[in-house]
Amino acid sequence: MDSRKYILKQTAIVALGETLCVGAMVGIYALLNHFSTAVVLGGVVGGVLSVLNYMFMAIGAMIAADKAVEQNVKSGKAIVRMSLIGRLAVMAIVLIAFAKSGLCNLLAMVLPLAFARPILMVADFFGKAGEPSNEPEC
């Protein structure tokens with residue numbers, strides 16, 4: 001499978017999983033009588049950040065792998081390092097901005113960031129035999 005199509009497929013799996021997990025999280029907030037628009041907005045912001053983080057991580061890893069095939073390992077490592085620093089900086093800026101604005105519930109915004117790895121593990125468990133693993137090599 002073409003690596004771009006594979007990245008899009010995996011990102012779609014993460015997006016679907018994040019949607020389901022954020023929905024469940026909002027439902028739990030509602031059951032605990034803590035439901036508010038701040039919870040929903042926090043869940044949406046955290047979910048979108050998580051999906052974008054995964055997508056850009058996968059793109060950076062694909063570019064680094066292409067560099068390694070070209071025998072340019074040093075450049076590949078630099079790309080992965082810069083991708084990580086850039087992704088973390090953008091996430092920190094967005095999270096801090098929304099937290100300071102008071103529009104989002106902080107816990108509801110941060111929890112979706114932890115959903116991606118379990119989503120990938122479940123997708124890998126139910127995946128077809130012979131397909132590459134969904135789990136990132138971090």
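Two residues are in contact when heavy atoms lie within 4.5 Å. The exercises below use this term on a predicted model.

**Exercise 1. Describe the overall make-up of the protein: how many helices and strands are there, and what are the spans of the C-alpha trace along its principal axes?**

Solution. 
- Step 1: The protein has five helices and zero strands. Read from the N terminus, the order of elements is α-α-α-α-α.
- Step 2: The C-alpha trace spans about 55 × 35 × 20 Å along the principal axes.
- Step 3: The protein has 138 residues, and 31% of them count as buried.
- Step 4: Among contacts with a separation of 6 or more, 70% are made by residues 24 or more positions apart.

**Exercise 2. Find which residues of helix 5 are buried, and which helices they pack against.**

Solution. 
- Step 1: Helix 5 covers residues 116–126, and its buried residues are A116, I119, L120 and A123.
- Step 2: Viewed down the axis of helix 5, these buried residues fall within an arc of 95°, so they line one face of the helix.
- Step 3: The buried residues of helix 5 pack against helix 1, residues 3–31, and helix 2, residues 37–69.

**Exercise 3. Decide whether S50 is buried or exposed, and list what S50 is in contact with beyond its neighbours within four places in sequence.**

Solution. 
- Step 1: S50 is in helix 2.
- Step 2: Buried means under 20% relative accessible area. The value for S50 is 4%, so S50 is buried.
- Step 3: Leaving aside neighbours within four places in sequence, S50 is in contact with E18, P112, L113 and A116. A116 is also one of the buried residues of helix 5.
- Step 4: The side chain of S50 reaches the backbone oxygen of P112 at 3.5 Å.

**Exercise 4. Work out which backbone oxygen lies 2.7 Å from a polar side-chain atom of T11, and which residues T11 touches beyond four places in sequence.**

Solution. 
- Step 1: T11 belongs to helix 1. With 9% relative accessibility, T11 counts as buried.
- Step 2: A polar atom of the T11 side chain lies 2.7 Å from the backbone oxygen of I7.
- Step 3: Not counting residues up to four places away in sequence, T11 touches V51, Y54 and M55.

Key. Residues are numbered from 1 along each chain as its sequence is written. This is a predicted model: local features need pLDDT of at least 70, side-chain atom pairs count only at pLDDT 80 or more; totals for chains, interfaces and linings use all residues. Side-chain values use heavy atoms; hydrogens and water are left out. Helices (H or I, at least four residues) and strands (E, at least two) are DSSP runs, numbered from the N terminus. Buried means under 20% relative accessible area, exposed over 50%, partly exposed in between (1.4 Å probe, protein chains only). The arc is that of the directions from the helix axis to the C-beta atoms. A polar contact is a pair of N or O atoms within 3.5 Å; within protein, one must be able to donate a hydrogen and the other to accept it, and residues adjacent in sequence count only if both atoms are side-chain atoms.
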